[in-house]
Structure formats: structure tokens, C-alpha cells
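I opened the model to look up side-chain pairings and packing. My entries follow in the order I made them.

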Amino acid sequence: MEDKIDDGTLASIFKEAGTIVYLLLEMSNLYGVDLELVLKEIIKSESSKVWADGVIRYDLNGEILYPPHYHKVNIDTILHEQVINPQPIFHRLDIKENDDV
């Protein structure tokens with residue numbers, strides 16, 4: 001891992017990942033969607049793929065076998081529950097639009 005840090009690969013990866021996060025925050029702001037609620041829903045679904053014994057199981061084709069408690073992602077409910085009222089997201093991140101980051 002240290003060689004990835006030394007050659008700048010890790011810094012480059014996280015620079016691009018940070019750009020993606022920034023764009024997602026801007027998009028959620030544009031549409032007035034609370035991205036944190038969307039992420040919580042996705043995490044809830046992903047976590048529910050784990051069986052009681054702590055293992056994710058797969059069938060012979062490599063497809064995930066879902067346990068009985070599996071929770072399918074439901075983003076539509078989140079979108080319908082939110083009022084579309086865009087507000088600047090920068091105040092939530094404690095970043096000003098012109099701040100050097």
C-alpha cells in the first residue's frame with residue numbers, strides 16, 4: 001500500500017473520488033434530495049444481504065442468495081417523502097463556495 005501512496009496513485013484515486021462525491025452533493029442539492037437519506041437506505045439494503053452467521057452466500061452462478069430479512073432498496077419512497085426545495089448544501093459541509101479545500 002505504501003508504494004501506491006509514494007507514486008501518487010492513492011492520492012489520484014481519492015482526488016477523483018472526492019470529485020464524484022462533490023458532484024453527487026451538487027446534484028442532490030439541485031433536486032432538493034437529502035443524499036444522506038439515500039445513502040442510509042442503500043447501506044440498510046447492502047447490510048441486509050448478510051446472513052445471521054455473518055456470511056454473504058452465493059448460488060452456483062455467483063448470484064447473491066438473499067436471506068429472509070433482506071431489505072430491497074426503496075429510493076422512490078425517500079424521493080416521494082421529500083419536499084423539493086433546493087437549499088445550498090455548502091452550509092451543511094461547513095464549506096464556502098470559494099474556500100480553498
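**Packing and side-chain pairs**

I began with leucine 35, which, leaving aside its neighbours within four places in sequence, is in contact (heavy atoms within 4.5 Å) with Leu24, Leu25 and Ser28. This is a predicted model, so I noted that local features need pLDDT of at least 70 and side-chain atom pairs pLDDT 80 or more, while totals for chains, interfaces and linings use all residues. Residues are numbered from 1 along each chain as its sequence is written, and side-chain values use heavy atoms, with hydrogens and water left out.

For burial I used relative accessible area with a 1.4 Å probe, protein chains only: buried is under 20%, exposed over 50%, partly exposed in between.

Next I counted salt bridges (a side-chain nitrogen of Lys or Arg within 4 Å of a carboxyl oxygen of Asp or Glu) and got 4. Among them, glutamate 36 and lysine 40 meet at 3.5 Å, N to O. Lysine 49 pairs with glutamate 46, with the closest N and O atoms 3.2 Å apart; lysine 49 is buried at 11%, whereas glutamate 46 is partly exposed at 42%.

Arginine 57 forms a salt bridge with aspartate 53, the closest N and O atoms being 2.7 Å apart. Arginine 57 is partly exposed at 32%, and aspartate 53 is partly exposed at 48%.
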